[in-house]
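Here's a walk through a two-chain model, from the inside out. Have the structure open while you read.

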Amino acid sequence: MSTSFKSLRVVPSRASRLDVIKRAYAARIVGDGALYAAFFTPDCRYQLIGNAMINRPSGLWLGREGIIAVYQRLAQITVLSDLMIEDVIQDNDSAAVLWHAEIRSVAGGRISDFTGFDHLRFDEDLISELSSFYDSASLAILLNEETGE
Amino acid sequence: MITHRRSEPLYRPYLKLVSDNSSVKAMVSLHYGARVDGDAELFSRCFTPDGALTILGDRRMLPQAGRHVGRAAIRNIVSAMASDLDCLDAFLVDVIAEGDRGVVHWHMTLRGATTGSIADFDVADHLILRDGLVASATEFIDTTSLGLLAGRI
């Protein structure tokens with residue numbers, strides 16, 4: 001008697017997704033955009049809330065290449081000097097990550113504290129969508145006061 | 001032989017929910033309905049008496065930013081926001097709830113009362129519930145675009 005499996009699907013557990021979140025955010029703080037992007041699906045949607053006229057990297061970015069590009073741009077103007085995950089809430093295929101970060105302006109060196117929230121949607125164990133919320137006006141003030149823009 | 005009387009069932013019907021998000025989601029529909037309708041009184045009554053609404057932002061761009069504690073303070077700040085910004089449309093994008101914590105991602109179309117400009121916003125609120133009411137709400141919104149809409153930038 002032989003038994004063949006066409007496929008074996010394992011429903012992702014909360015623990016496995018929490019592990020993805022922890023590892024993805026660890027990649028984010030070390031500034032490894034390629035590693036960070038690897039935790040996303042190839043056709044992911046990545047949205048940084050903000051006004052693109054003033055918060056230049058904000059907007060909708062598509063695919064892993066989009067994530068790498070946005071992190072390259074962010075690295076030119078900011079340094080994430082500290083990042084703490086304060087809370088993770090999971091519900092079906094969605095997750096909310098509450099975070100606190102110290103962001104330093106590359107141009108002026110000034111540091112500000114930010115509290116933010118990321119809304120994630122998962123496809124299996126990869127992130128298919130992420131929308132990042134933060135105080136966009138305070139980031140604009142941090143970055144533009146010193147450059148005079 | 002095991003016997004039992006009809007009035008004493010062998011088992012008690014018992015339904016345990018694996019994840020009981022219903023209280024958060026019921027609160028969210030009431031809470032956001034009141035907010036969108038501009039009903040500051042009903043919105044404030046969704047909070048515990050010592051509940052807090054924190055609107056993240058820089059007061060230069062958003063005068064209503066900060067932590068507002070108690071129903072009266074919450075009612076006043078929501079009224080002040082409603083007089084600055086008309087909510088033309090709103091819908092819930094997602095509600096993520098786990099135990100007594102939840103996050104609401106919603107989308108709204110606002111019109112600045114002074115500029116007349118219209119813009120779409122994604123908003124996220126982090127809620128902590130106590131006894132079926134909101135003990136803490138922290139609101140994340142694109143404060144740059146809000147400043148532009150209100151004519152402060």
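## The core

The largest nonpolar core has 72 residues, and those with the most contacts inside it are Ile67(A), Ala95(A), Ala96(A), Ile127(A) and Phe140(B). Here a nonpolar core is a set of buried Ala, Val, Leu, Ile, Met, Phe, Trp, Tyr and Cys residues joined through C-beta atoms within 7 Å. A residue is buried if 20 or more other C-beta atoms lie within 10 Å of its own, exposed if 12 or fewer, and partly exposed in between, with C-beta atoms placed from the backbone. Helix 4 (residues 136–147) of chain A gives the most to this core, with six residues. Helices (H or I, at least four residues) and strands (E, at least two) are DSSP runs, numbered from the N terminus.

Before going further, two notes on the model. It is a predicted one, where local features need pLDDT of at least 70, side-chain atom pairs count only at pLDDT 80 or more, and totals for chains, interfaces and linings use all residues. Residues are numbered from 1 along each chain as its sequence is written, while chains are lettered from A and ligands numbered from 1 in the order in which they are written.

What does Phe140(B) touch, leaving aside its neighbours within four places in sequence? From chain A come Gly116(A), Phe117(A), Phe133(A) and Tyr134(A), and from chain B come Leu56(B), Val123(B) and Ala124(B). Contact means that the C-beta atoms of two residues, placed from the backbone, lie within 7 Å.

## Helix 3 of chain A

Helix 3 (residues 63–77) of chain A has 15 residues and reaches 22 Å from its first C-alpha to its last, close to the expected 21 Å. That expectation is 1.5 Å times one less than the number of residues. Its buried residues are Arg64(A), Ile67(A), Val70(A) and Tyr71(A). They sit on the same side of helix 3 of chain A because they cover an arc of only 125° around the axis, counted from the directions from the helix axis to the C-beta atoms.

The buried residues of this helix pack against helix 2 (33–37), strand 1 (40–48) and strand 2 (59–62) of chain A. On the face turned away from the buried side you'll find the exposed residues Glu65(A), Gln72(A) and Gln76(A).

## Where the chains meet

The contact takes 23 residues from chain B and 26 from chain A. On the chain B side, the elements giving two or more residues are strand 3 (85–98), strand 4 (101–112), strand 5 and helix 4 (143–149). Helix 4 of chain B gives the most to that side, with five residues.

## Strand pairing in chain B

Strand 1 (residues 47–55) of chain B pairs with strand 6 of chain B in the parallel sense over five bridges, and Leu53(B) has Ala137(B) as its bridge partner there. Strand 1 of chain B also pairs with strand 2 (residues 66–69) of chain B, in the antiparallel sense over four bridges; Ile55(B) stands opposite Gly66(B). Two strands pair if DSSP finds at least two bridges between them.

## Loops to look at

Most residues other than glycine have a negative phi. Glu124(A) has a positive phi, near 55°, in the loop between strand 5 (111–123) and strand 6 (126–133) of chain A. Asp131(B) also has a positive phi near 55°, and lies in the loop between strand 5 (118–130) and strand 6 (133–141) of chain B. Glu124(A) counts as partly exposed because it has 14 C-beta neighbours inside 10 Å, whereas Asp131(B) is exposed, with 8 other C-beta atoms within 10 Å.
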